[in-house]
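Take a look at the model below.

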Amino acid sequence: MRSSANSAYKVRPYRVRDRDGLISVIDAVCAEGRWMKTDRFEPTPVWEHALADPGCPCHLLLVAVDGTRITGWCRVFPTGDNGEGEIGIGLLAPYRNQGLGTRMLRRAVKWAKEHHFTRLKLTTRADNTRAIRVFKRCGFVITASTPEGWVKMTLSL
């Protein structure tokens, strides 16, 4: 596997033609049975909107790519609460621990600030220490935990 400094690893906005590849990556991460709340991609209406209209200024959907292969995603979707957004991120296993997720997360936080979001929230597994460490480095704080093993984190912008 190449290092994250390799120019073949890119983070860019999602394009409609990325749909099948992105869904395949989300399904692969879901199928690991550990990091996501479902075992396959189950698009919500806001996901369907983001997949169909990548240019809409109300959301951000980024993809990580290795050459032409989609390897991960990061998204910011409005929650409906004034100025709040929900962030989600995922990478295929071979692309983790190389700084790519941090690059996507920082880019998403910057975008949220530029688009006048006031707060971002996320949910992750309590035992996902690697991700929690990255989220904390980017300013997120743990605000709640569930008996099922999830933690909620927020970032005030």
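This report covers the sheet first, then the helices on it, then the rings.

The model is predicted: local features need pLDDT of at least 70, side-chain atom pairs count only at pLDDT 80 or more, and totals for chains, interfaces and linings use all residues. Residues are numbered from 1 along each chain as its sequence is written, and side-chain values use heavy atoms, leaving out hydrogens and water.

**The sheet**

Strands of a sheet pair through backbone hydrogen bonds, either parallel or antiparallel. Here, seven strands form an open sheet with mixed pairing. Their order is β1-β2-β3-β4-β5-β7-β6. The edge strands, β1 (9-13) and β6 (141-145), each pair on one side only. From one strand to the next, the twist averages 25 degrees. Two strands pair if DSSP finds at least two bridges between them. Strands (E, at least two residues) and helices (H or I, at least four) are DSSP runs, numbered from the N terminus.

β3 and β4 (residues 84-91) pair in the antiparallel sense over seven bridges. Val76 stands opposite Ile87 in β4.

**Helices on the sheet**

Helix α2 packs on the sheet and touches β2 (60-66) and β3. Its direction makes about 120 degrees with that of β3. Helix α4 (residues 129-137) also packs on the sheet. Helix α4 touches β4, β5 (119-125), β6 and β7 (150-156), and its direction makes about 165 degrees with that of β5. Contact means heavy atoms within 4.5 Å. Axes are lines fitted to C-alpha atoms, for helices over the stretch in contact, and angles run from 0 to 180 degrees between N-to-C directions.

**The rings**

How many aromatic pairs does a search of the whole structure find? It finds five. Rings of Phe, Tyr and Trp (its six-membered ring) pair if their centres lie within 6.5 Å; planes under 30 degrees apart count as stacked, over 60 as edge-to-face and the rest as tilted. Two of the pairs are these:

| Pair | Centre distance | Plane angle | Type |
|---|---|---|---|
| Phe41 and Trp47 | 5.1 Å | 85 degrees | edge-to-face |
| Trp47 and Phe77 | 5.2 Å | 85 degrees | edge-to-face |

The second pair links distant parts of the chain: Trp47 lies in α2 (residues 45-52) and Phe77 in β3 (residues 69-78), 30 residues apart. Ring pairs link Phe41, Trp47 and Phe77 into a cluster.

Trp47 has a relative accessible area of 9%, and Phe77 counts as buried at 3%. Buried means under 20% relative accessible area, exposed over 50%, partly exposed in between (1.4 Å probe, protein chains only).
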